[in-house]
Amino acid sequence: MMKMNQSLHAFDFERQFNERAALEWFKQNWGTAFVLSGVYVVVIFFGRIFMKDRQKLDLRKPLVLWSLCLAIFSIMGATRTSWYMFNMVRSHGLQESVCDSEFYSAPISKFWAFAFTLSKAPELGDTVFIVLRKQRLIFLHWYHHITVLLYSWYTYKDRVAGGGWFMAMNYTVHAFMYSYYTARAAGARVPRPLAMLITLMQITQMIVGLSIVGLLYYWKHDIHCFSTMHNIVYASVMYFSYLLLFSVFFYQSYFKRPEDEKRVKRE
């Protein structure tokens with residue numbers, strides 16, 4: 001495969017990033033994701049008990065700062081990884097972009113691949129704000145956080161094909177999502193269609209993700225398309241469950257009438 005290094009400019013910090021050390025760290029520590037997930041569940045459980053008889057906390061300013069930082073990070077990550085993938089598709093075609101593994105080591109993207117994977121741990125903090133502000137915590141929210149963390153850390157250590165697509169899509173969706181959260185936390189009135197659009201983007205991401213996984217399975221015997229059946233199965237289950245859950249969330253949030261909810265409760 002033709003290297004992208006020669007055709008894409010990278011910032012100094014991107015070029016100097018030691019992806020070999022990052023890979024070694026994840027190979028030795030990827031199991032920590034299970035520990036983090038366990039701690040996360042415990043914090044949620046006892047946090048909700050702790051807040052049950054207490055007033056919700058006013059965390060508007062910290063939430064604005066939190067969401068803004070994640071929005072800026074996601075915008076930067078989306079810009080760099082999407083540029084890499086755009087050039088990969090334009091120069092080498094769809095199959096090479098799906099089967100590409102240089103994404104993890106190319107100057108323009110290697111730092112953002114590592115940062116993406118690592119960021120799934122601090123993103124668990126989203127739920128802390130929900131618990132402390134006594135907002136409704138739905139299954140989709142915490143299930144999504146845990147499974148993305150586990151899958152991302154598991155996948156990075158093996159550097160399987162398809163990672164470029166998965167990360168660029170997630171960065172892009174999060175760029176819009178956290179920008180929306182920032183505006184909402186700051187008290188801005190955000191049009192309802194924009195919230196619908198973001199959820200539709202998430203649903204589209206799952207459809208494309210399943211398509212990429214399907215192509216990986218179809219091309220996995222190609223010498224340049226490294227993946228494993230374990231990874232393909234995990235990714236398929238993950239993306240399919242997300243597709244179902246986000247679709248249900250979309251329907252219940254934007255189309256289900258209040259009368260329907262009251263009827264369900266009575267039954």
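**Stop 1: the second largest pocket**

Select W30, F34, Y143, T147, L150, Y151, Y154, Y234, V237 and M238; these residues line the second largest pocket of this predicted model. About 180 Å³ of space lies inside this pocket. Now colour helices α8 and α11, the elements that each give two or more residues to the lining. The largest share, five residues, comes from α8. What classes of residue line the second largest pocket? Nine are nonpolar, one is polar and none is charged.

Stay with W30. Show K157 as well: its charged end sits over the ring of W30, 5.2 Å from the ring centre. For another charge over a ring, go to F50. R54 lies over the face of F50, at 3.9 Å from the ring centre.

**Stop 2: the largest pocket**

Next, select I130, I138, H141, Y181 and F249. Of the 47 residues that line the largest pocket, these five lie nearest its centre. The space here is about 1,600 Å³. Helix α9 supplies the largest share, nine residues. Colour the lining by class: 24 residues are nonpolar, twelve are polar and eleven are charged.

**Stop 3: the cavity**

A pocket is open, but a probe inside a cavity cannot get out. Rolling a probe the size of a water molecule over the atoms shows where empty space is left.

Five come from α8, the largest share. By class, the cavity lining holds ten nonpolar residues, seven polar ones and no charged ones.

Keep Y151 on screen for a moment. Y151 is also part of the lining of the second largest pocket.

**Stop 4: an aromatic pair**

A pair of aromatic rings is described by the distance of the centres and the angle of the planes. The model has 34 aromatic pairs. In the pair of F116 and Y171, the ring centres are 5.3 Å apart and the planes stand at 65 degrees, so the pair is edge-to-face. Follow the chain from one ring to the other. F116 belongs to helix α6 and Y171 to helix α9, so their pairing ties together parts that are 55 residues apart in sequence. Are these two residues buried or exposed? Both F116 and Y171 are buried.

**Stop 5: the disulfide**

Last stop: select C99 and C225. A disulfide is a covalent bond between the sulfur atoms of two cysteines. The structure holds one disulfide. C99 and C225 form it, with their sulfur atoms 2.1 Å apart. Look along the S-S bond: its torsion is about -75 degrees, so the disulfide is left-handed. C99 is in helix α5 (residues 94-99), while C225 is in the loop between α10 and α11, so the bond ties together parts that are 126 residues apart in sequence.

How buried are these cysteines? C99 is buried, with a relative accessible area of 3%. C225 is buried too, at 1% relative accessibility. Now select C69. At 45% relative accessibility, C69 counts as partly exposed.

Technical notes
Residues numbered from 1 in each chain as written. Predicted model: local features only at pLDDT ≥ 70, side-chain atom pairs only at ≥ 80, totals over all residues. Heavy atoms only, no water. Helix = DSSP H or I, 4+ residues; strand = E, 2+ residues; numbered from the N terminus. Nonpolar A, V, L, I, M, F, W, Y, C, P; charged D, E, K, R; others polar. Phe/Tyr/Trp six-rings, centres within 6.5 Å; stacked < 30°, edge-to-face > 60°. Buried < 20%, exposed > 50% of the residue type's maximum accessible area, 1.4 Å probe, protein only. Lys NZ or Arg CZ within 6 Å of the ring centre and 35° of its normal. Disulfide = S-S within 2.5 Å. 1 Å grid on protein atoms, 1.4 Å probe; cavity = no way out; pocket = protein on both sides within 12 Å on 5 of 7 lines; lining within 4 Å. Points joined across faces, edges and corners; volume = space filled by probe spheres on them.
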